[in-house]
Amino acid sequence: MKKGMIIAALALSMAGMLAGCSQKDPAYLSGIKAEDYVELPDYSSIPAQETEPSVSDEYLDTYIQYVLASNAQNVEVTDRDEVQEGDIANIDYVGRIDGEEFDGGSATDTNLTIGSGRFIDGFEDGLIGAKVGETVTLDLKFPDDYSSEEVAGKDVEFTVTVNKILETQTPELTDEFVAQQGIDGVTTVEEYRTYCYDQLMEQAQASYDSSVQNQIVQWLEDNATFKQDPPEEMVTRYNTTYTENFNAYAQNYGLDLETYMTYMGSSADTYEQDIQDMALRAAKEYIILQAIADREDLNISDSEFNTELSTAAASSGYSSVDDFEEVVDTEAYREYLMVQDVLEFLMDRAVVTEPTEEESSDTAADAATAEESAEAASTEATAEESAEAASTGASAEDAADTGASEAE
């Protein structure tokens with residue numbers, strides 16, 4: 001299983017945070033002494049490579065055009081009544097084979113873009129020149145390799161009535177359009193461009209931070225020396241959480257776990273071992289970060305933790321912290337907060353340099369490959385979405401990758 005495709009996030013979903021634990025349970029970091037397990041490398045200046053976050057004018061313009069296109073509407077054409085290439089024709093049609101209507105061959109009030117290729121050859125071309133209110137007869141033939149064997153290769157007659165002609169109108173970027181978006185404090189084009197820039201810059205910064213933090217965790221994993229394996233209970237805990245959340249996410253898309261994991265870059269023969277490897281890796285990464293937290297006095301105090309719990313409970317809609325604690329694994333939540341603090345500490349001290357042009361190209365190619373693999377799923381179960389489905393069993397690097405909110 002490719003490393004880039006096994007990333008699952010520390011999203012703290014409620015399903016993955018159920019259960020309580022004893023204070024000395026070796027399944028949790030609070031139940032062990034991290035330095036007994038790992039010898040830390042010198043982490044004072046961990047190297048990383050990433051391009052500084054930025055948003056070009058071209059990218060900003062492209063994004064705004066995307067927003068405008070998303071708000072496009074179909075409006076009726078009134079200055080002409082004859083169908084042209086590129087028009088959206090609203091039609092009723094009835095299909096007959098040997099004089100008999102057939103399943104799926106008829107519809108009413110259907111919008112068809114002329115030239116889109118949605119219908120069989122000859123159908124769309126046959127409507128060019130037809131007038132609104134006119135009914136035309138199209139004598140056509142289904143392709144021999146048509147998806148439905150019942151009609152493949154057969155002659156067909158379509159009777160088509162043109163109800164109206166539509167065209168897509170994309171709004172212009174005006175103060176009026178901006179006001180319609182309902183964004184607080186944003187009413188002019190200039191304010192909207194600034195707003196969009198800030199949003200895109202925030203995304204670019206989050207992507208930058210995630211990449212650097214992932215590299216930090218990977219460097220620690222590569223350079224730390226383990227004195228003994230993580231507790232079996234800890235690895236099992238992460239394995240269970242990974243499995244339950246991946247399985248739940250797969251079911252959400254109508255897939256079984258095996259199929260879902262193949263879309264994530266695994267295989268039917270290896271996915272169970274892949275999940276076990278992810279669990280072992282998660283345990284090691286958490287132990288490394290806990291050892292750093294212990295050495296640098298970065299562990300959250302009880303009072304700070306209670307404040308965090310109160311905030312998370314309120315933002316999650318719970319009336320009290322007690323109610324929140326009944327459904328949340330508080331020890332896992334404490335671990336999550338520790339990870340964030342340690343990663344922030346390490347990132348402040350990391351030596352981040354710009355990648356060379358060749359390295360940037362390789363990174364882009366790897367990202368494209370990962371995206372293509374994810375998009376292979378007919379359900380569009382992307383790696384990013386799967387990250388949101390996972391919970392506290394994720395690896396420390398995965399936690400860095402998500403930027404998941406504490407209350408989720």
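The model is predicted, so local features need pLDDT of at least 70 and side-chain atom pairs pLDDT 80 or more, while totals for chains, interfaces and linings use all residues. Residues are numbered from 1 along each chain as its sequence is written, and side-chain values use heavy atoms, with hydrogens and water left out.

**Exercise 1.** Determine which helix holds tyrosine 249 and whether the residue is buried or exposed.

Solution. Helices are DSSP runs of H or I of at least four residues, numbered from the N terminus. Tyrosine 249 belongs to helix α4 (residues 232–252). Buried means under 20% relative accessible area, exposed over 50% and partly exposed in between, with a 1.4 Å probe and protein chains only. Because its relative accessibility is 12%, tyrosine 249 is buried. A polar contact is a pair of N or O atoms within 3.5 Å; within protein, one must be able to donate a hydrogen and the other to accept it, and residues adjacent in sequence count only if both atoms are side-chain atoms. The side chains of tyrosine 249 and tyrosine 253 make such a contact at 3.3 Å.

**Exercise 2.** Classify the aromatic pair of phenylalanine 177 and tyrosine 192, and state which helices the pair ties together.

Solution. Rings of Phe, Tyr and Trp (its six-membered ring) pair if their centres lie within 6.5 Å; planes under 30 degrees apart are stacked, over 60 edge-to-face, and the rest tilted. The whole structure contains 18 aromatic pairs. One of them joins phenylalanine 142 and tyrosine 146, tilted at 50 degrees with 4.8 Å between centres. Phenylalanine 177 and tyrosine 192 have centres 6.4 Å apart and planes at 90 degrees, an edge-to-face pair. Phenylalanine 177 lies in helix α2 (residues 175–180) and tyrosine 192 in helix α3 (residues 189–223), so the pair ties together parts 15 residues apart in sequence. Both phenylalanine 177 and tyrosine 192 are buried.

How values were computed
Helices (H or I, at least four residues) and strands (E, at least two) are DSSP runs, numbered from the N terminus.
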